[in-house]
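Let's take a look inside a protein model and see what turns up. Have the chain open while you read.

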Amino acid sequence: MTTDAAAVPDWEMRFRAPRVSLPDWAEDAPDRALFVSNATGTYELYAWDRSSGRQRQVTDRPNGTTDGVLTPDGEAVWWFSDTDGDEFGVWMRQPFGGGEDEPAAPGLAPSYPAGLAIGRDGSAVIGRSTDEDGTTIHLVRVPGAEPVEIYRHRESAGVGDLSHDGTLIALEHTEHGDAMHSALRVVRPDGSTVAELDDTEGGTKELGLAVLGFAPVAGDTRLLVGHQRRGRWEPMIWDPVAGTETALPVDLPGDVGAEWYPDGSALLVEHSFEARSELWRYEPGAPEPVRVETPAGTVSGATARPDGTVEYLWSSAERPPVVRSTSGAVVLDPPGAKAPPSVPVQDAWVEGPGGRIHALVQKPAGEGPFPTVFEIHGGPTWHDSDAFASGPAAWVDHGFAVVRVNYRGSTGYGRAWTDALKHRVGLIELEDIAAVRDWSVASGLADPERLVLAGGSWGGYLTLLGLGTQPDSWALGLAAVPVADYVTAYHDEMEALKAMDRTLLGGTPEEVPERFEASSPLTYVDAVRAPLYISAGVNDPRCPIRQVENYVDRLAARGAVHEVYRYDAGHGSLVVEERIKQVRLELEFALKHLGGGAVVGAPGPEAA
């Protein structure tokens, strides 16, 4: 990718600047690593021999590749091959040093992935999901061998981890029918059950569990587990063979996750609280954890190395991401121009109908009120944080304030806040967004005549629903890969999302039609008055294109002001120029209808 940096505006440079993910390393060959980078203009997998410094691009596909795993010995890379972002495909295998790709499990037909664990003996446990079979999990004893099915259920499930010696397999499942709260089962390679751990009490209690990983030590049967027994995510140690559970005195506010140090002697604790995160080290048996120093902001991933140092991917809203080490070094610094910084984020706490709402605010220089974009996160069980994001930064560069709301349903604020999202789906989140909207106007931040509701995925869904149920509140809408017609979306989407929708709404469209109707943007489409821009991937398995077209047809039938952009990918794009094109189109649409000048750097060849 060749671009004259001097001629490229800052907002484009933030997308074009080379980035890398946190490198994942082979358990028994720690100098062999795998990471994702956009260095060629498309996000692809790269192998890195840390001892020699050699880096090699593993995948090269028109729509990019991000899902890959190293074998424990570091001899091979497994990567998931779908078709143009449809997430339906097979695992491929390529030698670490380069060579031909081959199907990693040739006996398995294409599917949606449902977890993968690779053993030291060459075996692999592969999770699959299809509309026809639900979830199936298979054991491949050696590369190329005939897969053996060891699990099957209609509800969603997945592979959690494989023990060090390959004799125990940890599964997460939702056989009780609650897709938001998994139970755990540990089985032998023949599929026989060793132990069960279920905090849902058969689906009558809303407590979830998560596999965090087996102890990385031969003969050690301890499994690190995430639980919600005290109203938030936190770790404990479960030994499914001994039948013991060990609580950990990691009393930090917010959600807490963890992973093992490579020798199994300690845990690397990741703590998320009020849109920031930090790291701690905890040694089982110690009275409390010890802080691992990181800058203020967000740690998006961390791993402990065999020498005891910790590597982590860090950023803040102001500063772009970098892979750092507790030794003080930058671990992996991609060549090329660096991403320009943006403005720092400010916290806003607003009283809402369900409790205090946390919002993150970025604003341009000068005095308000500003035209303001409410950039709504997807998920819905996710949260915005003090992390670098090129999209919001582009709006700030063009004179807009940006507000991001961690509405009910968001993670990071306790189980009750996340689990509040039930039955009145979409409407609950919009109540919180409305409260923050009112605050933004009353505080002088936002111009009430130039308020934009925007978002992607679940955020795109809330945008369409908000424009229809709150038509007087918003001057313009920007919806990317949205749910638009909830009933059609349910019937067309991937099976795991059907299970989530049944959990959120309490059944299928046939069982609870009134709830699907109340939560569907299509129900309110005739009330939409604001100009609306929609973008959608034609291969999207999460928010499929047919239900978007149903909504667009209704807009067109009454002559509503709207534009639609369809692109040849799935639930978003891994191609940098395509991402820039989409942001440019959104900026142009907003400035055309709200005023405020031209898009910096436009038009470009990508917009043709």
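Which strands each supply at least two residues of the lining of the largest cavity? They are β7 and β10 (124–130), where strands are DSSP runs of E with at least two residues, numbered from the N terminus like the helices (H or I, at least four). β10 gives the most, with three residues.

A quick note on the ground rules: this is a predicted model, where local features need pLDDT of at least 70, side-chain atom pairs count only at pLDDT 80 or more, and totals for chains, interfaces and linings use all residues. Residues are numbered from 1 along each chain as its sequence is written, and side-chain values use heavy atoms, with hydrogens and water left out.

So what is a cavity? On a 1 Å grid over the protein atoms alone, it is a set of points where a 1.4 Å probe fits but cannot get out, and lining residues have an atom within 4 Å of a point. Searching the whole structure finds two cavities of 30 Å³ or more.

| Cavity | Volume | Some lining residues |
|---|---|---|
| Largest | about 80 Å³ | including F80, W91 and R128 |

Now for the backbone. A cis peptide bond joins G368 and P369, with omega about 5°, and P369 sits in the loop between β30 (355–362) and β31 (370–376). Another cis bond runs from G379 to P380, omega near 0°.

E87 has a positive phi, near 65°, though it isn't glycine. You'll find E87 in the loop between β6 (76–81) and β7 (90–95).

How values were computed
On a 1 Å grid over the protein atoms alone, a cavity is a set of points where a 1.4 Å probe fits but cannot get out, and a pocket is an open set with protein on both sides within 12 Å along at least five of seven lines; lining residues have an atom within 4 Å of a point. Grid points are joined across faces, edges and corners, and a volume is the space filled by probe spheres set on the points.
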